[in-house]
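Thanks for asking me to go through this one. Please have the coordinates open next to my notes as you read.

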Amino acid sequence: MVGEETSDEERAELRETLGLMDPIHVQFSRFIVNASKGEFGISYQLRRPVSELIVERLPATIELVVISALIALITGTLLGVYTGINRKGFLSDFVLAISLLGVSLPTFVIGILFIYLFAVILGILPSFGRGEVIDLGFWTTGFLTVSGLKAIILPSVTLSLFQMTYIIRLVRAEMMEILQTDYIKFARARGISENSIKYKHALKNGLIPVITIAGINIGTLIAFSIITETVFQWPGMGFLFIQAVQFVDIPIMSAYLVFIAFVFVMINFIVDILYYLIDPRIRVKGDTASG
Amino acid sequence: MTFLKINNLSVDYQMRKETVNAAKNVNIEVNKGEILGLVGESGSGKSTVGNAIINLIDEPGKVSSGSVILGDLNIHENSESIVKYRGNKIGLIFQDPQTSLNPILTVGEQLIETIQTHLKLSKEEAKNKSINLLKEVGIKDAETRFDNYPHQFSGGMRQRVVISLALCCEPELLIADEPTTALDVSIQSQILELIKKLTKERNLAVILITHDMGVIAETTDRVAVMKSGNLVEIGETKKILTNPQENYTKSLVSSVPPTNKKISRFVIVEKENNNKKENNIKILNRWSKKEIANQDLVEIKNLNKSFDDNFFTENSKNSVMAVDDVSFEIKEGESFGLVGESGSGKSTIAKMIVNLFKPTSGDIFFDNVCITKIKQRSELMKFRKQIQMIFQDPYSSLNGRLKVKDIIAEPITLHNPSISTLDLNNYIYDLLESVELTQKSADRYPHEFSGGQRQRISIARALATQPRLLVCDEPTSALDVSIQAQILNLLKDLQEQLNLTILFISHDLPVVRQMCDRIGVLKDGKLCEVSNTEHLFLKPTHEYTKELLRLMPKIESIYN
């Protein structure tokens, strides 16, 4: 916050006004009180209120995470069902082999490979940034411009790969297990059509654990986005956080971590509610307990 | 008139190294309005035949030859054609109603989907039909139950739902694969009555697959006996059970515990070699055999146990009284039986006696010392040594990562850490031979043994500490009848020679009659009646005991 020419007196005064000279417990309780009001202080590096910075960067991260989560869930489930049903086909083996790559390669390596392939060699997609964004007042979105849409493809695919492979394997294992159960056999014995057995009877049961895992993983997606955002210079919160770490910008770091914790709690809460809505067995437990 | 005709049916399982013939040239005919029993021990191929009829065999098995003629249709013409007869012409009921319904679809959804698959009915018509069906199989309040999920039904009710699903498209053949094995006696009789009633009313042809000779005797018109994929004998039930022609059938019938009399030993027809007799209990010379004093070894006073649902919920609402004010005593050297249906608290009592559960209130005295009040671990160990337990499931009660000798050595070295290796090994060999296993078994792992052999290992492990009280929790309910007979004989011999006191827990009344001197009957955690075995079977006083005795399937009913 200070330049080379700042005098020692001025530095001391600034420390005093920022409260850096107070004992730790005083500083900490002040942080708690302010944080509960949504105030995280002023960024040392950018000299602007942290809450303002977070709100400014939030849309970029949310858009990236939502798109990645959708890609991971939809493709992951589809491929998982396919490989679970056709266990021996060439395509299944291929998908599984690729998924092994997705699990084992670190995100930044995949990101760099994508940039090299699509931006440098083929030159069809931008290698960094968000493209043009449109400001809606409370939100800035890249969905409404061509360059914005193009820009989100590489980072979101990169970010989703790990989760996607995870979901593929989970759905596949669930499907294979459920297709062996007695109620599937009983459904076959009643002459229910194969399609209904696979997509109605088996898939619905198979998705129950997927929802739990996927919910928790959306939290992980936000956390992972730090790396992806850095690789693609994506102007989101993760990028902000990395810069903050480099400058020891403690207000930003603490605000970011509190925010991530809040998101995790909220997502788990939503997942629990979803679970309750989807699985009738849990619903009834609640009923009997209340009456 | 012959309705179903199975000709030379063979089913092969193509394994990596060999081909297993699960069924070999089976010929069976079933008439309309008739219940044919298909009986055999595990691995006999009885379920394979049932599943083969509708070509629903698990991979990699497949029907290798033979034909199935239903009426005048050859339903095995090709593997696709069979699909359209499933549910439509042939209904199937599986063993476990807990797992045969889809947990996240309502009963109504499952019924409507099945009906609409086969019959051209609108949703409304299908719903009406389903509700009528649910009424027909004896589900009260069918209109509201229609929208319930499977877990909201009890086991017996669920099996009724399964039956309604199997019958909803008016099949002419019903295959019931162990439909009552997972159910309590009272529910079992209701379900069997229902199947009998439906057979008559709908003029069904029924194949009832079971291992229970009592069920066969009471329910079926004709019976087919299977052994390792072969059809041994087929004929009228009465003829087969009273006058079996084949050796295997004879041994099968004689291993069934009779319900009407007490016998000293089970007759084992097959492979009974008389050379190993009497002196096979080798541990006898090590056993510090106590003279049987005429006293109570175990005394249970006002025992209570409640399970609280959750730490946070109110106890008054959710606590379940698993054991409710139970008092009885077991004399030294006696076999005491505890019988009851599932949830009656019989296993809970066993676990409290061996000190795995703490009672909520009440006292357990062992040899006149109150073991529920012992606080010191070293004091408790003395009692643990004298009380040993044999569990129901021989598959999960042995640690699969340990060799048999390590499994048996564990309790010995625990209570006697100074035993020498040589002595320990000899002791293990003696124990193994006492339960009629070879010395070689010591170096193998549990998965290399069959269920009956594993139960023998469990017994050897229980005997290793030279206990005075043996608690047997359903020791044979996971085993075939012939194996059950062997294990029960073994327990009887051991008890006689070693002066053991046995607490025998079972839901199977005929078995209890053969094993026990006195019996206590439990219902919902309460003790209904305690009396001498013969007295209890001949002159039961409590209503519930009478009910149980009336409902148990009796193989002797065939003589009436």
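1. First, the conventions. This is a predicted model, in which local features need pLDDT of at least 70 and side-chain atom pairs count only at pLDDT 80 or more, while totals for chains, interfaces and linings use all residues. Residues are numbered from 1 along each chain as its sequence is written, and chains are lettered from A and ligands numbered from 1 in the order in which they are written.

2. Have a look at the four-stranded sheet of chain B: it is open, antiparallel and ordered β2-β1-β4-β5. (Strands, E, at least two residues, and helices, H or I, at least four, are DSSP runs numbered from the N terminus; two strands pair if DSSP finds at least two bridges between them.) Since β2 (19-31) and β5 (73-74) of chain B are at the edges with a single partner strand each, one side of each has no neighbour in the sheet.

3. Within that sheet, eight bridges link β1 (residues 2-14) and β4 (residues 61-70) of chain B in the antiparallel sense. L4(B) has L70(B) as its bridge partner in β4(B). Helix α1 (residues 46-53) of chain B packs on the sheet and touches β1, β2 and β4 of chain B, at about 70 degrees to β2(B). (Contact requires C-beta atoms, placed from the backbone, to lie within 7 Å; angles run from 0 to 180 degrees between N-to-C directions, with axes fitted to C-alpha atoms, for helices over the stretch in contact.)

4. Chain B also has an open sheet of six strands, β6-β7-β8-β3-β9-β10, with mixed pairing. Its edge strands are β6 (90-93) and β10 (230-236) of chain B, each pairing on one side only. Neighbouring strands are turned by 15 degrees against each other on average, direction ignored.

5. In this second sheet, β3 (residues 34-39) and β8 (residues 205-210) of chain B run parallel and are joined by six bridges. I35(B) stands opposite V206(B) in β8(B). Helix α5 (residues 155-167) of chain B lies across β6 and β7 (173-177) of chain B, at about 165 degrees to β6(B).

6. Now the chain contact, which takes 25 residues from chain B and 21 residues from chain A. On the side of chain B, helix α2 (residues 107-118) gives the largest share, four residues.

7. Finally, I167(A): which residues does I167(A) touch, leaving out those up to four places away in sequence? They are A72(A), L73(A), G76(A), T77(A), G80(A), V210(A) and A214(A).

Note on methods: Contact = placed C-beta atoms within 7 Å.
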